[in-house]
Amino acid sequence: MRIPRPSSLLRGLVVAALVAVTSACASGGGRARPASSAPAAAADAASPLEGEWRLTTMQLADGSSRRVTGFLRFDRFSNITVHAELAPDEPVARPPRTVVANFTAKAQPGDGAFDYTGLSVGVGAERLTEDAANMAEWRHYELSGDTLRVSARDRAGRAAATLVFERVR
């Protein structure tokens, strides 16, 4: 009888172990998977903010308004994208400085305000209007049916400017 060399014996043991591990992983170990405690529909409940919104107007603290174009998108992962720009026929528009707000972020809504994470401004300062608010200030919101108002507030907590959006159907 021939005695196998240690290297070929070791190789055989490694191959056998790999086959056993691979079989166990592929079969799932024969254990039952636990059932989810929440129904799938409840886990996937959409936020009332989810969807595409069209910018209709910008209201200022003094009661005046500006003609604007733009949108707000809020997805099921709480990602928000906002673009607001003065309309070409708006008398105060001074191209190329026509952007009022342009940013993306992860936005956790709660109690009338967004909590932003990873806020990223989409345009340079040379495109922003001279009176543009800091993008992080566009965090206060009010939802009423198919109308969404997003405001930047002044130091006293009053709405300095409000972007008014309508849900896109």
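At 27% relative accessibility, D154 counts as partly exposed, a class that lies between buried (under 20% relative accessible area) and exposed (over 50%), using a 1.4 Å probe and protein chains only. The side chain of D154 meets that of R158 in a salt bridge, 3.2 Å from N to O; here a salt bridge is a side-chain nitrogen of Lys or Arg within 4 Å of a carboxyl oxygen of Asp or Glu. R158 itself is exposed, with a relative accessible area of 55%.

Before going further, please note that this is a predicted model, in which local features need pLDDT of at least 70, side-chain atom pairs count only at pLDDT 80 or more, and totals for chains, interfaces and linings use all residues. Residues are numbered from 1 along each chain as its sequence is written, and side-chain values use heavy atoms, with hydrogens and water left out.

**The chain as a whole**

- The chain has 2 helices and 9 strands, which are DSSP runs numbered from the N terminus (H or I of at least four residues for helices, E of at least two for strands).
- Read along the sequence, the pattern is α-α-β-β-β-β-β-β-β-β-β.
- Of the 169 residues in the chain, 28% are buried.
- The chain exposes about 11100 Å², and carbon and sulfur atoms supply 55% of that area; accessible areas come from the Shrake-Rupley method with a 1.4 Å probe, and for residues only the protein chains shown count as cover.
- Taking contacts (heavy atoms within 4.5 Å) between residues at least 6 apart in sequence, 45% join residues at least 24 apart.

- The structure holds 6 salt bridges.
- Side chains of opposite charge can pair when their charged atoms come close.
- One of these salt bridges joins the side chains of D131 and R66, at 3.1 Å from N to O.
- That pair links distant parts of the chain, with D131 in the loop between β6 and β7 and R66 in strand β2, 65 residues apart.
- R66 counts as buried, at 14% relative accessibility.
- Another salt bridge is formed by D89 and R67, whose closest N and O atoms are 3.5 Å apart.
- Because D89 lies in the loop between β4 and β5 and R67 in the loop between β2 and β3, this pair ties together parts that are 22 residues apart in sequence.
- R67 is partly exposed, with a relative accessible area of 43%.

**The nonpolar core**

- In soluble globular proteins, nonpolar side chains tend to be buried together.
- The largest nonpolar core has 32 residues, and those with the most contacts inside it are L72, I80, W138, L163 and F165; such a core is a set of buried Ala, Val, Leu, Ile, Met, Phe, Trp, Tyr and Cys residues joined through side-chain atoms within 4.5 Å.
- Elements that give two or more residues to this core include β1 (51-60), β3 (68-74), β4 (79-86) and β9 (159-167).
- The largest share, 6 residues, comes from β5.
- Not counting residues up to four places away in sequence, L72 touches G51, E52, W53, I80, T81, V82, L148, V150 and F165.

**How β1 pairs with other strands**

- Strands β1 and β9 pair in the antiparallel sense over 7 bridges, where pairing requires that DSSP finds at least two bridges between two strands.
- W53 stands opposite R167 in β9.
- β1 also pairs with β3, antiparallel over 4 bridges, and the bridge partner of G51 in β3 is F74.
- With β2 (residues 65-66), β1 runs antiparallel and is joined by 2 bridges; Q59 has S65 as its bridge partner in β2.
- The hairpin of β1 and β2 has 4 residues between the strands, and G63 takes a positive phi near 95° there.

**Two buried polar residues to look at**

- H83 lies in strand β4 and is buried, with a relative accessible area of 17%.
- The side chains of H83 and N102 are joined by a polar contact of 2.5 Å; a polar contact is a pair of N or O atoms within 3.5 Å, and within protein one must be able to donate a hydrogen and the other to accept it, while residues adjacent in sequence count only if both atoms are side-chain atoms.
- T162 sits in strand β9 and counts as buried, at 9% relative accessibility.
- The side chain of T162 makes a polar contact of 2.8 Å with the side chain of S151.
- Beyond its neighbours within four places in sequence, T162 is in contact with T57, M58, Q59, W138, R149, V150 and S151.
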